[in-house]
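Please read them with the coordinates open.

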Amino acid sequence: MSMTDHTDQDADLGFDDDQPAGRRAGAKSRLARAAQKRGPSRLALIPADTTASRALVTVIAIMTFLATLTGGGAVLVYDASKGWDSSISQEMTIQVKPVLGRDVEADVRKSAELARNMPGFSEVRTFSNDESTKLLEPWLGAGLDLSGLPIPRLIVLKLAGSPRPNLDELRRQLHQQVPSAVLDDHRLWLERLGTMSRALVLVALVVLGLVLTAMALAVAFATQGAMAGSREIVDVLHFVGAEDRFIANEFQRHFLKLGLKGGFIGGGGALIVFFLAGIATSWWVTSLEGNQVEALFGNFALGSAGYVTIVVIACAIAALTALMSRSVVLRRLRKVN
Amino acid sequence: MVRFENVGLRYGMGTEVLRDISFAIEPQSFQFLTGPSGAGKTTLLRLILMSLRPTRGFISLFGQDVSQLGKDEISAIRRRVGVVFQDFRLLDHLTTYENVALPLFVQGQEDRTYRPQVIELLRWVGLGDHIHAYPPVLSGGEKQRAAIARALIVQPELLLADEPTGNVDPTLARRLLRLFMELNKSGTSVIIATHDLALMDQFDSAKRFVLGEGRLHVYD
């Protein structure tokens with residue numbers, strides 16, 4: 001049938017506009033404007049502007065915010081642990097304990113000499129008595145006379161990188177010539193810090209997994225609710241010949257949009273939080289407490305890897321939302337059929 | 001085109017609501033399906049539309065045994081059938097234009113390819129000024145015509161209309177019947193479920209399928 005064949009029969013068929021003038025005119029013009037604004041590009045078969053949709057966007061935004069905070073935190077901890085690792089592993093310490101009957105200054109000089117004679121160190125610096133005492137100030141306070149205490153003296157050795165120093169040989173020489181000196185390569189610290197950072201990253205991953213699981217369940221319930229609310233839409237789509245795949249695609253597209261919206265809000269919020277935290281700590285770092293926090297946790301400034309992680313998590317949440325809804329819809333349609 | 005042989009249908013363990021239904025719908029034919037309220041007219045249309053499966057008997061649509069069809073094949077057959085529901089079943093969040101264009105959208109066609117065709121059909125059924133209106137603000141007659149336009153837009157080989165004049169005044173009912181007759185002339189087989197005797201009297205040459213007590217009687 002060609003519609004053109006019938007255009008000349010409009011008058012015969014007599015379908016003139018039988019709507020009373022003025023009735024619903026306001027509502028019509030409003031709806032017409034809305035329809036024109038939406039444009040003819042693509043039909044949104046699942047209504048988007050519903051209370052349930054807005055609630056789901058809020059849930060996804062909160063979940064994304066928590067997930068990206070967790071992910072960004074894990075990246076911060078990982079980066080900080082790398083910082084500890086690289087800064088500590090570039091230095092070693094010879095600790096010379098004051099022993100009764102030995103000249104500690106002579107022991108310090110001898111130890112430093114042995115270190116200088118060993119290839120692989122770029123710098124050997126002996127901490128003076130005052131410097132060693134100053135290191136204890138954060139714990140014992142300033143202005144105390146510590147001359148009566150047997151405070152060990154420190155010699156800091158900086159690694160040249162290549163060649164690697166023969167630490168066993170240095171330990172042997174120190175043991176023979178300066179029995180009160182101990183070489184500390186911070187291996188124990190490194191192991192503990194490594195374990196701690198790995199544990200923190202693991203905890204972050206578990207939290208991330210829990211957040212994603214909770215979100216997936218929320219999306220599954222929301223999809224079932226949306227399907228129940230769209231029962232008539234699904235029926236009509238079936239009657240006009242839509243396949244299950246088509247209907248699932250429509251729901252998937254609808255939930256992908258909601259996921260992207262929620263992910264953008266939640267991820268954007270996390271990015272702002274990290275950005276502000278970075279600025280705040282850069283101001284705070286001038287204080288002693290700020291210095292200590294920075295030494296332990298870094299400066300809260302996310303690197304590019306951190307920002308990429310947040311974007312990836314937000315996109316993954318949107319994709320998870322879409323795939324979860326598709327799976328739920330297809331399962332429900334199979335049951336209905 | 002449509003063939004029923006000894007079809008029976010029961011819901012659950014109840015008695016059969018349709019018994020030994022046998023008939024055939026020929027291409028380009030016109031028939032009324034009538035009977036008292038609750039006789040099973042809508043149920044019979046749903047069997048033709050494959051939204052219900054018979055408990056016994058044989059149904060073929062377009063030469064295919066319905067019991068052997070997969071879901072995608074059912075969808076493909078439904079694309080050859082236009083349906084006008086008694087309660088219109090327009091989607092309230094879509095405009096009249098979008099509702100009418102829905103079957104073409106489902107078939108994967110682009111808006112720019114079907115836009116002139118949809119607008120032309122809307123004008124043909126007298127809804128040219130209501131393209132951007134939403135169903136909740138349309139009158140009963142306008143909704144009816146929008147539902148009919150949606151059924152016609154795919155130029156179906158078979159049109160099923162369930163009480164298409166049930167919500168309109170006699171004048172509009174006559175106009176709608178003329179619309180279906182025009183459609184039939186252009187090659188579509190039409191089945192109209194109605195209990196409006198006056199309407200059927202306006203088209204004497206149409207076959208009458210009369211449902212009563214679960215059985216079907218065909219009058220040429």
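This is a predicted model: local features need pLDDT of at least 70, side-chain atom pairs count only at pLDDT 80 or more; totals for chains, interfaces and linings use all residues.

1. Chain A overall. Chain A holds 12 helices and 4 strands. Of its 337 residues, 38% are buried. Take the contacts in chain A between residues at least 6 apart in sequence: 83% of these join residues at least 24 apart.

2. Helices α4 and α7 of chain A. How do these two helices run relative to each other? Helix α4 (residues 104-117) of chain A packs against α7(A) at an angle of about 155°, and the axes lie 10 Å apart. An angle over 145 degrees counts as roughly antiparallel, so α4(A) and α7(A) are roughly antiparallel to each other. The crossing of α4(A) past α7(A) is right-handed. On the α4(A) side the contact uses K110(A), S111(A), L114(A) and A115(A); α7(A) supplies L170(A), Q173(A), L174(A) and Q177(A). Sorted by class, this contact has 4 nonpolar, 3 polar and 1 charged residues.

3. R164(A) sits in the loop between β3 (153-159) and α7 (167-177) of chain A. Is this arginine buried or exposed? R164(A) counts as exposed, because its relative accessibility is 60% and the cut-off for exposed is over 50%. L114(A), one of the α4(A) residues in the contact with α7(A), is 50 residues from R164(A) in sequence and 16 Å away in space, C-alpha to C-alpha.

4. Helices α3 and α4 of chain B. Helix α3 (residues 96-106) of chain B packs on helix α4 (residues 111-124) of chain B at about 125°, with 10 Å between the axes. That angle makes α3(B) oblique to α4(B). Their crossing is right-handed. From α3(B), the residues in contact are T96(B), Y97(B), V100(B), A101(B), L104(B) and F105(B). From α4(B), they are D111(B), Y114(B), R115(B), Q117(B), V118(B), I119(B), L121(B) and L122(B). The class count for α3(B) with α4(B) is 10 nonpolar, 2 polar and 2 charged residues.

5. Helices α3 and α5 of chain B. α3(B) also packs with helix α5 (residues 140-152) of chain B: the axes come within 7 Å and cross at roughly 30°. This makes α3(B) roughly parallel to α5(B), because angles under 35 degrees count as roughly parallel. Here too the crossing is right-handed. T96(B), N99(B), V100(B) and P103(B) of α3(B) meet A146(B), A149(B) and R150(B) of α5(B). The contact of α3(B) with α5(B) has 4 nonpolar, 2 polar and 1 charged residues.

6. Helix α6 of chain B. Helix α6 (residues 170-185) of chain B has 16 residues. From first C-alpha to last it reaches 23 Å, close to the 22 Å expected at 1.5 Å a residue. Which of its residues are buried? They are L172(B), A173(B), L176(B), L177(B), L179(B), F180(B), E182(B), L183(B) and N184(B). G187(B) follows α6(B) and has a positive phi, near 120°.

7. N184(B). This asparagine lies in helix α6 of chain B. What does N184(B) contact, leaving aside neighbours within four places in sequence? Its partners are Q28(B), S29(B), F30(B), S189(B) and V190(B).

8. Most residues other than glycine have a negative phi. D20(B) is not a glycine, yet its phi is positive, about 45°. D20(B) is placed in strand β2 (residues 16-25) of chain B. At 35% relative accessibility, D20(B) counts as partly exposed. R89(B), also not a glycine, has a positive phi of about 55°. R89(B) belongs to the loop between β6 (81-84) and α3 of chain B.

Methods:
Residues are numbered from 1 along each chain as its sequence is written. Chains are lettered from A and ligands numbered from 1 in the order in which they are written. Side-chain values use heavy atoms; hydrogens and water are left out. Axes are lines fitted to C-alpha atoms, for helices over the stretch in contact, and angles run from 0 to 180 degrees between N-to-C directions. Angles under 35 degrees count as roughly parallel, over 145 as roughly antiparallel, 65 to 115 as roughly perpendicular and the rest as oblique. A crossing is left-handed if the near helix is turned anticlockwise from the far one by less than a right angle, and right-handed if clockwise. Contact means heavy atoms within 4.5 Å. Ala, Val, Leu, Ile, Met, Phe, Trp, Tyr, Cys and Pro count as nonpolar, Asp, Glu, Lys and Arg as charged, and the others, Gly among them, as polar. The expected span of a helix is 1.5 Å times one less than its number of residues. Buried means under 20% relative accessible area, exposed over 50%, partly exposed in between (1.4 Å probe, protein chains only).
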